[in-house]
Amino acid sequence: MLWVATYNRAVHPDGNPGRFRDLTIDQFAARLASSDPVPGGGSASAIAAALGASLVTMVASLTTGRPKYVDHEPMLAWALEIGPRLSDRFLVLADEDAEAYAGYAAALKLPRETEPEIAARRHAMRAAARASSEAPLRCLEACVDLVTAAEALAGRSNPNAASDVDVAARLGEAAARGAAANVLINLPSIGNAEVVDAMTVRVDQLLHDVERYAAETRENVARNEPREPIAPQVEA
């Protein structure tokens, strides 16, 4: 039902200009706590993932250049590259999620007095619902990369930062679950069974991958044993 997808998600009439990345943590938290629907759960999930990606960068930074980890340098160099790239990606996705819902809210306000208007509104709502599913799906896809990076670092990085690797994976998993929920809740409004089925399968596959890598990260952190280098090289 339509109200399920739009519950507690009405956009403030004046909007919220600017990028979420430009807000302080306090400002973002205040916006999240307000009655405005954006940022909402999708943006919050992306921000959480951005923090996880930053932890990947931090752990790699604390490890690279140390003689003890020289055999892991190719993987660490990869982590140092992918961490900031993912963090930036997630911050972009936080804005994209809000923008996608703004389009849906605009479609809801279209006139529906005549049959042509009703048909145009229905078409606009379905297109906007699809966009509102695709934005968090992109976040979910990026979460796979995040937890993959965390798993690669577990047992191959500074043990003093082992818990940070674990937190990075946990944030990635939480963000993935949040993003998946935002995909699934919008699917009934798309009005295309083939697209809905394909996206549902995709969500299940991605969540499975995220959960597997996150679980392996936790196990390797808890084991607290050095792991063999990744050979010949990790590719982004």
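Where does Ser157 lie? Ser157 sits in the loop between helix 5 and helix 6. Helices here are DSSP runs of H or I with at least four residues, strands are E runs of at least two, and both are numbered from the N terminus. I will come back to that loop.

Some ground rules. This is a predicted model, with local features needing pLDDT of at least 70, side-chain atom pairs counting only at pLDDT 80 or more, and totals for chains, interfaces and linings using all residues. Residues are numbered from 1 along each chain as its sequence is written, and side-chain values use heavy atoms, with hydrogens and water left out.

Now the overall picture. The protein has seven helices and zero strands. From the N terminus on, the order reads α-α-α-α-α-α-α. The C-alpha trace spans about 75 × 40 × 25 Å along its principal axes. Of the 236 residues in the protein, 44% are buried. Buried means under 20% relative accessible area, exposed means over 50%, and partly exposed is in between, with a 1.4 Å probe and protein chains only. Take the contacts between residues at least 6 apart in sequence: 78% of them join residues at least 24 apart. Contact means heavy atoms within 4.5 Å.

Next, the core. A nonpolar core is a set of buried Ala, Val, Leu, Ile, Met, Phe, Trp, Tyr and Cys residues joined through side-chain atoms within 4.5 Å. Which residues touch the most other members of the largest nonpolar core? Phe90, Leu140, Cys143 and Leu153 do, out of 65 residues. Two or more residues of this core come from each of helix 3 (41-63), helix 4 (73-108), helix 5 (115-153), helix 6 and helix 7. In soluble globular proteins, nonpolar side chains tend to be buried together.

Look at Phe90. Set aside its neighbours within four places in sequence. Phe90 then contacts Ala46, Ala49, Ala50 and Ala53, along with Cys139, Ala142, Cys143 and Leu146.

On to helix packing. Axes are lines fitted to C-alpha atoms, for helices over the stretch in contact, and angles run from 0 to 180 degrees between N-to-C directions. Start with helix 5 and helix 6. Their axes come within 8 Å and cross at roughly 160°. That angle makes helix 5 roughly antiparallel to helix 6. The classes are: under 35 degrees, roughly parallel; over 145, roughly antiparallel; 65 to 115, roughly perpendicular; the rest, oblique. The crossing of helix 5 and helix 6 is left-handed. Left-handed means the near helix is turned anticlockwise from the far one by less than a right angle, and right-handed means clockwise. Residues making this contact include Leu140, Cys143 and Leu153 of helix 5, and Val165, Gly172 and Val183 of helix 6. By class, the contact of helix 5 with helix 6 has 18 nonpolar, five polar and one charged. Here Ala, Val, Leu, Ile, Met, Phe, Trp, Tyr, Cys and Pro count as nonpolar, Asp, Glu, Lys and Arg as charged, and the others, Gly among them, as polar.

Then helix 6 (residues 162-186) and helix 7 (residues 193-223). Their axes come within 9 Å and cross at roughly 165°. So helix 6 is roughly antiparallel to helix 7. This crossing is left-handed. Among the residues that meet are Asp166, Arg170 and Glu173 in helix 6, and Glu211, Arg218 and Val221 in helix 7. The contact of helix 6 with helix 7 counts 13 nonpolar, three polar and six charged residues.

Helix 5 also packs with helix 7. The angle is about 25°, with the axes 9 Å apart. Helix 5 and helix 7 are therefore roughly parallel to each other. Their crossing is left-handed. The contact of helix 5 with helix 7 divides into 14 nonpolar, four polar and seven charged residues.

Is Ser157 buried or exposed? Ser157 counts as buried, because its relative accessibility is 8%. Beyond four places in sequence, Ser157 contacts Val59, Thr63, Tyr69 and Val165.

Follow Val59. Val59 is in helix 3. Its relative accessible area is 1%, so Val59 is buried. Val59 touches Leu153, Ser157, Ala161, Asp164 and Val165, not counting residues up to four places away. Val59 and Ala154 are 95 residues apart in sequence, yet 9.8 Å apart C-alpha to C-alpha.

Last stop, Asn224. Asn224 is in the segment after helix 7. Its phi is near 55°, a positive value in a residue other than glycine. Asn224 counts as exposed, because its relative accessibility is 56%.
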